[in-house]
Amino acid sequence: MRSGKFIVLLLMFMIMAGCGGGGGGASKTLASIAITPENPSIALNGVQQFTATGTFSDGTMQDLTSSVTWSSSNTNTVVATISNTAGSNGTAAAVAAGMTTIRATSGNVSASTTLTVSSETLNSIALQPASPTVAVGGTQQFSATGTFSDGTTQDLTSSVTWSSSSTNTNTAVATISNTAGSNGAATAVAAGTATITATMAVSQPIAGNISGTANLTVVAGGSGGQANVLPITVNGSLCSSGSYPNKPCVSVTVCTPGTSNCQTITDILLDTGSYGLRIFNQALNQTLRVSLTPVASGSGQLAECVSFGDNSSEWGPVQMASVVLGGEPAVQIPIHVVNYNSFGGPPGKSGCTSSNSIPDTSPSEAGFNGILGVGLMVQDCGTNCTSSSINVNPQQYYACNGSACSWTAVSLANQVQNPVAMLPANTNGVADNNGVIVELPGIGANGAASVDGSLVLGIGTQSDNTPSRQVAAYSASVASGTAEFTTSTSFGGTSSASLIDSGSNALYFYDPNLPLDSSGTWYCPASTTQLSATNTGSSGSPSATVTFQVGNYNSFHASSYSVFNLGGYSSFDEGFDWGLPFFLGRNVFMGFEGMQSNLGTGPYWAY
């Protein structure tokens, strides 16, 4: 929980200031270049991605990997080549055993490091997972591991060439990415079976190709348990153009209750740090207009104001809607229709509560059409809001008559509901309502243009949402109306409250040793920095150390990518917020409060 807010959602302010530098119109010059990693070793036929970071005369830093000229030289035979081709700049490929000097040059400034190539050769490539199943529209991240002649292994995911072939003669079953940052990410296109192949050209001991394969089964949405999968795009096709970085988007279908008058809305922020569906009125105001029923409060209508950790807030009526998620049965629940002008505007106009929050007036101002809150709570306020005690109730619900609105207590049934928790049983008699899984592929150190993943509904209810034995659950508490680890996250020798929140677009934490940009908002280490923290649940729950990376905000901001390992400053008393970067490369489980699965009884996070 940040800044004492009741619901946590952190959005990125698009701060234009660079790291370590101020304004001014003086020109700057490149002072030096640093190459990472320094003096690495790889096996014969292996690859190594190098990164060049430039430091300028004003102290600012910038990723120059794609703009410097790369070269490889040695005194005898060619040991390794290195690419200057767009998309693979700085990728060195081993050719022969020995040592070579890798150099990055920009104008009169250059830097070098040594690459050592061992005499071992690539014997085989294995893909994981070997035979996954996903629904149409879903994604599956594959990894490629090479085994070498000395028995060692190496991750080759970003260096092999990926391909997909299918049993369908007319329609591709799946596509797979060879784009830097999303290598090996397959997208399911049509029902059928696809053979996923990873290939690497080798010259030793003889010239040829070494390949590994896996089988990907794609089922139609609504077939069996696969109706419980919703596609996620992080800054991809389901997001609006020009979205802020690290924004996970899904689509939902909203219908007039009891009718087939429905509208599918994209650019819905997937948020595991809040609870319930919120849709901007402007997003509903389309040619196909759905009509929603207001929820009564006394002689008036129920309205809600929620405040978020970035000091924004959403105001508007609570209305009944029929909501469809993926191919699941429709569920009729109260949702929050965000409308700044409803009931004469939010109380006080300056903000919904006494927190001086600023209400969003439109999707363009907020940065999304709505929010799908699938965090650990079943309602967005719980028993705190059923109380009429001003010392307990956070005062986020209001009874409105005309333009007169006053704070009110509200029953659990009339609160905005987590729609997944309300799902009824499907045609197979299974209710996927005890939690969700967010599945997103990992990215490279330089980021990615976008990534595709899946929101899987239910935990242990279907073949596609059964956790592996390696998944561990960490208990959480929702007693205060927020979700936090029951104990804490330990980082830098201290412990603080913490949560896992896909709606936060960065990892927010306190580290006095990392440099900040001139706004004091974003961390800017000279090169990508690996850190670690320990999450602990209640007594009997495990403790686990999580390693994570924080890159340079200025380098991210200067690139054309939108998905990064971004770190943001949080004061010590605001705790540790595991935002969107935590989800990249992990399957993260959210077990809802009071509901059981084979991971235990919620609330819990698991990964």
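This is a predicted model: local features need pLDDT of at least 70, side-chain atom pairs count only at pLDDT 80 or more; totals for chains, interfaces and linings use all residues.
1. C239 and C249 form a disulfide in which the two sulfur atoms lie 2.0 Å apart, a disulfide being defined here as a pair of cysteine sulfur atoms within 2.5 Å. The torsion about the S-S bond of C239 and C249 is about 110 degrees, so this disulfide is right-handed. The pair links distant parts of the chain, with C239 in the loop between β21 (229–234) and β22 (248–255) and C249 in strand β22, ten residues apart. Strands and helices are DSSP runs numbered from the N terminus, where a strand (E) has at least two residues and a helix (H or I) at least four. C239 counts as buried because its relative accessibility is 11%, and C249 counts as buried at 0%; buried means under 20% relative accessible area, exposed means over 50%, and partly exposed lies in between, with a 1.4 Å probe and protein chains only.

2. Residues are numbered from 1 along each chain as its sequence is written, and side-chain values use heavy atoms, with hydrogens and water left out.

3. By the sulfur distance rule, the count comes to four disulfides. A disulfide is a covalent bond between the sulfur atoms of two cysteines. C255 counts as buried, its relative accessibility being 3%, whereas C262, at 22%, counts as partly exposed.

4. C400 and C405 are likewise joined by a disulfide, S to S 2.1 Å, and the torsion of 115 degrees about the S-S bond makes the link of C400 and C405 right-handed. C400 is buried, with a relative accessible area of 3%, while C405 counts as partly exposed at 23% relative accessibility.

5. Which strands form the open sheet, and in what order? Four strands take part, in the order β2-β10-β9-β6, and their pairing is mixed; the edge strands are β2 (41–42) and β6 (69–73), each of which pairs on one side only. Two strands are taken to pair if DSSP finds at least two bridges between them. Strand β6 and strand β9 (residues 98–106) pair in the antiparallel sense over five bridges, and T69 stands opposite T105 in β9.

6. Most residues other than glycine have a negative phi, and most peptide bonds are trans. The peptide bond from T36 to P37 is cis, with omega near -5 degrees, and P37 lies in the loop between β1 (30–36) and β2. A cis peptide bond also joins G602 and P603, where omega is about 15 degrees, and P603 is found in the loop between β48 (600–601) and β49 (604–606).

7. Positive phi values deserve a separate entry. N235, a residue other than glycine, has a phi near 55 degrees; N235 lies in the loop between β21 and β22 and is buried, with a relative accessible area of 14%. D267, which is not a glycine either, has a positive phi of about 60 degrees, and D267 lies in strand β23 (residues 262–271), where it counts as buried at 5% relative accessibility.

8. D501 is placed in the loop between β40 (498–500) and β41 (507–509), and D501 counts as buried because its relative accessibility is 0%. The side chain of D501 reaches the backbone nitrogen of G273 at 3.1 Å.

9. Y508 is found in strand β41 and is buried, with a relative accessible area of 6%. The side chains of Y508 and N505 are joined by a polar contact of 3.1 Å, a polar contact being a pair of N or O atoms within 3.5 Å, of which, within protein, one must be able to donate a hydrogen and the other to accept it, and for which residues adjacent in sequence count only if both atoms are side-chain atoms. Y508 and Y523 are 15 residues apart in sequence and 9.6 Å apart in space, C-alpha to C-alpha.
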